[in-house]
Amino acid sequence: MIDTGVNKSKTKRERFSPEVRRGILGLGLGNTLEWYDWMIFGLLSSYIGPHFFPSVDPVVATLDALAVFAVGFLFRPLGGIVLGTVADRIGRRKVMMLSITMMALSTLVIAVAPTFETIGIWAPVILLLCRVVQGISTGVEAPLSTAHAVELVPEGREGFVAGIISFFVNVGIVGAPLVSFIVTTSMSEAAMNEWGWRIPFVIGALFGFVILYLRRTLPETMKKQELESATTGTVWTGVRKSWVSVLAIVFVVGAVQAYNYAWNVGLPNAARSTMNEDSSAVFALTTVLGLILVIGSLIVGRLVDGRAISKWFVVARILVIPSVFLMLLYVEPGLGGFAAVLLGGSVVLVVNMTLYNVVSTSLMHKSFRGAGTSLGYGLGVAIFGGTASFLLVWFQSIDLDWAFPVYVAVLSALSVVFYLIARRVNGIHVGK
């Protein structure tokens, strides 16, 4: 983090240099692509499934596609371990360039991949491999881009980083259903089923190459002496000594990921495949939720800028516990009930989605922040985030609607407990 030598109240009003602004733009847009890619796959799984996993039952095909969705999450810890360690050893910038390249290429392959009818078993194999590559790249994208941004800005501006990175994340979240809505309403259902589902992936791939161009001027935040003293051994010695913080990050990330994917992917898929709601209406309502998250993230970032993010985080996470039980209100078909549940949890969701990445970053020392934060982030999304959509649809299919909100409530409670323990044992290294 840049040492400005001024007090926090003055730092809060300080304008960023053009270099810092360009850096934050390139880092933020990478988060947009990450969430756009993953949201698109989840939202369109009911279209993708029949092409790659033929079945007479569309719900089974959708669950097969969501299972591949979850497999991609399993490789996030590997990406966090490998690429996070590399980032601590050779610098942030090169890894940020690599991760966006991997995302763009794998999305392009999904866009043009042949179906099961054309090449048989190789079709789901190609799809699975693309998800593995995306999992590895995104295992480091969100945690390292947040760490990179925090290190770019002056001390005391962590709230701004939380808000702006979350803003870019939510642009991806709203962009995915918005693009899906535009595509589904501009062509027939038959065309959408046959080839229209590929269009959002083409858009994602092209966007990725634009971001790669923008990131070419990213400033490096690791100093020369920090890079010279960094070895794999020293990085992982620091991570091992801070294992309580890694555990806390797993639950800080995992709980909010489960909540988020349930709201943005699981509920829309349940509405379409289980409740047989109109696809265009479901995508439209999911887009409204995304707009709330986009605007709300900037508001939350402004509110917490220069203040104790940790206190805001604890209160917001505790509020998840009662709010997640809103899901139990959506037990029968009806867009009114779906809208009430989807939008009713949006306020608590936006505060948690804004804060969790910076809170995770704060638990790790800079010298091993890339590896430690990426490891905890990857494990959190792999264990809890990637399985959330599947679990939600599955619980509903076996008439255990109450099980998922209980699951998320327990994760949220544990995340607060482990965060407070880690803060006491290892301290916090960003913000206050």
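How many aromatic pairs does the count come to? The count comes to 9 aromatic pairs, where rings of Phe, Tyr and Trp (its six-membered ring) pair if their centres lie within 6.5 Å. Planes under 30 degrees apart count as stacked, over 60 as edge-to-face and the rest as tilted.

This is a predicted model, in which local features need pLDDT of at least 70 and side-chain atom pairs count only at pLDDT 80 or more, while totals for chains, interfaces and linings use all residues. Residues are numbered from 1 along each chain as its sequence is written, and side-chain values use heavy atoms, with hydrogens and water left out.

**View 1. Phe52 and Trp197 form an edge-to-face aromatic pair.**
The ring centres are 6.0 Å apart, with 80° between the planes. The pair links distant parts of the chain, 145 residues apart. Phe52 is in helix α3 (residues 45–52). Trp197 sits in the loop between α10 (189–194) and α11 (199–214). Helices are DSSP runs (H or I, at least four residues), numbered from the N terminus. Phe52 counts as buried because its relative accessibility is 1%; buried means under 20% relative accessible area, with a 1.4 Å probe and protein chains only. Trp197 is buried too, at 0%. Phe52, Trp197 and Phe201 form one aromatic cluster.

**View 2. Phe251 and Phe384 form a tilted aromatic pair.**
Centre to centre, the rings are 5.4 Å apart, with 45° between the planes. Phe251 belongs to helix α14 (residues 243–274) and Phe384 to helix α19 (residues 369–385). The two are 133 residues apart, so this pair also links distant parts of the chain. Both Phe251 and Phe384 are buried.

**View 3. Helix α14 bends at Ala262.**
The bend is about 45°, taken as the angle between axes fitted to the seven residues ending at a residue and the seven starting there. α14 is mostly covered, with 29 of its 32 residues buried. Just after α14, Asn276 takes a positive phi of about 55°.

**View 4. The largest nonpolar core has 128 residues.**
A nonpolar core is a set of buried Ala, Val, Leu, Ile, Met, Phe, Trp, Tyr and Cys residues joined through side-chain atoms within 4.5 Å. Leu44, Phe201, Trp263, Leu267, Leu355 and Phe404 touch the most other members. The largest share of this core, 18 residues, comes from α14. Leaving aside neighbours within four places in sequence, Phe404 is in contact with Ala258, Ala262, Met327, Ala388, Leu391, Leu392 and Phe395. Contact means heavy atoms within 4.5 Å.

**View 5. Arg92 is a buried residue of helix α6 (residues 92–112).**
Why does Arg92 count as buried? Its relative accessibility is 0%. The Arg92 side chain makes a polar contact with the side chain of Asp88, at 2.6 Å. A polar contact is a pair of N or O atoms within 3.5 Å; within protein, one must be able to donate a hydrogen and the other to accept it, and residues adjacent in sequence count only if both atoms are side-chain atoms.

**View 6. Gly208 lies in helix α11.**
Gly208 is buried, with 0% relative accessibility. Gly208 and Leu33 are 175 residues apart in sequence, but 6.6 Å apart in space, C-alpha to C-alpha.

Technical notes: Buried means under 20% relative accessible area, exposed over 50%, partly exposed in between (1.4 Å probe, protein chains only).
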